[in-house]
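Please consult the sequence and the structure shown below alongside the text.

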Amino acid sequence: MESLSLANPITRTPLLKTPHTRQHHQRRDRFLVLRPPRCQKMFVPGFAEASPEAKAARHLQNFFTFVAVRIVLAQLESYNPDAYKELMEFISRNSLNDGDKFCRTLMRESPRHKSLALRILEVRSAYSKRDFEWDNLQKLAFKMVDESNTSLMRDYVLETSHLEKEK
């Protein structure tokens, strides 16, 4: 007669618990914590310095700076035309591609520019936390990728089937 195994066939651990010492539990628990999690996500090569999400977050941060500058400019235009002109002049000399660099340079320009930079930082933070519609971003990104993929595939099929008809 075959003997029945009382071990889990996947992990090979006994199904029946036997009393262990406290030291054994601590050692076992320590190893359980150190075991790397199994990840079912795609590996993305070429992002050694940061994940794709970190790079996207950096781009969003720069975009939020751009948005904050636009908001501050709109506010200044109506109640402080002199500050509006100064900020516009500063923008004409400095790129907004790197939001942190832009704000850092603006802060060091003059005391008046420092207050503008602080206002931009405040608006950037508020906009990203309260006004930006994160769920809408995700929905739009999914929709745009799907529509773009469909359009590109349709165009390719039309091009290739047209070439096949000519031959």
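## Salt bridges within single helices

Arg-119 and Glu-122 lie 3 residues apart in helix α5, so about one helical turn separates them. Helices (H or I, at least four residues) and strands (E, at least two) are taken as DSSP runs, numbered from the N terminus. The two residues form a salt bridge, with 3.3 Å between the closest N and O atoms; a salt bridge is defined as a side-chain nitrogen of Lys or Arg within 4 Å of a carboxyl oxygen of Asp or Glu. Arg-119 counts as partly exposed at 31% relative accessibility, and Glu-122 is partly exposed with a relative accessible area of 49%. Here buried means under 20% relative accessible area, exposed means over 50%, and partly exposed lies in between (1.4 Å probe, protein chains only).

A further pair is found in helix α3, where Arg-93 and Glu-89 are 4 residues apart and thus separated by about one helical turn. Arg-93 forms a salt bridge with Glu-89, the closest N and O atoms being 3.0 Å apart. Both partners are partly exposed: Arg-93 has a relative accessibility of 43% and Glu-89 one of 39%.

## Basis of the model

The model is predicted; local features require pLDDT of at least 70 and side-chain atom pairs count only at pLDDT 80 or more, whereas totals for chains, interfaces and linings use all residues. Residues are numbered from 1 along each chain as its sequence is written, and side-chain values use heavy atoms, with hydrogens and water left out.

The mean pLDDT of the protein chain is 82, and 72% of its residues reach 70 or more; pLDDT is the predictor's confidence in each residue, from 0 to 100. A contact means heavy atoms within 4.5 Å. Where pLDDT is low, the predicted coordinates should not be read in detail.

## Overall architecture

The protein chain contains 6 helices and 0 strands, giving the pattern α-α-α-α-α-α along the sequence. Of its 167 residues, 17% are buried. The accessible surface comes to about 14,300 Å², and carbon and sulfur atoms account for 58% of this area. Accessible areas come from the Shrake-Rupley method with a 1.4 Å probe; for residues, only the protein chains shown count as cover.

Among contacts between residues at least 6 apart in sequence, 49% join residues at least 24 apart.

The structure holds 8 salt bridges. One of them pairs Arg-58 with Asp-100, the closest N and O atoms being 3.2 Å apart. Because Arg-58 lies in helix α2 and Asp-100 in helix α4, the pair ties together parts that are 42 residues apart in sequence. Arg-58 is partly exposed, with a relative accessible area of 33%; Asp-100 is also partly exposed, at 23%. Side chains of opposite charge can pair when their charged atoms come close.

## The nonpolar core

Which residues have the most contacts inside the largest nonpolar core? They are Leu-87, Phe-102, Leu-106 and Ile-120, in a core of 16 residues. The elements that give two or more residues to this core are α2 (52-79), α3 (81-93), α4 (99-109) and α5 (111-131), and α2 gives the most, with 5 residues. A nonpolar core is a set of buried Ala, Val, Leu, Ile, Met, Phe, Trp, Tyr and Cys residues joined through side-chain atoms within 4.5 Å. In soluble globular proteins, nonpolar side chains tend to be buried together.

Leaving aside residues up to four places away in sequence, Phe-102 touches Val-69, Phe-90, Ile-91, Asn-94, Ser-95, Leu-96 and Ile-120.

Ser-128 lies in helix α5 and is buried, with a relative accessible area of 18%. Its side chain reaches the backbone oxygen of Ser-125 at 3.0 Å. Beyond residues up to four places away in sequence, Ser-128 touches Phe-64 and Trp-134.

Met-88 belongs to helix α3 and is partly exposed, with a relative accessible area of 35%. Met-88 and Leu-73 are 15 residues apart in sequence, with a C-alpha to C-alpha distance of 7.9 Å in space.

How values were computed:
Polar contact = N/O pair within 3.5 Å; in protein donor to acceptor, adjacent residues only side chain to side chain.
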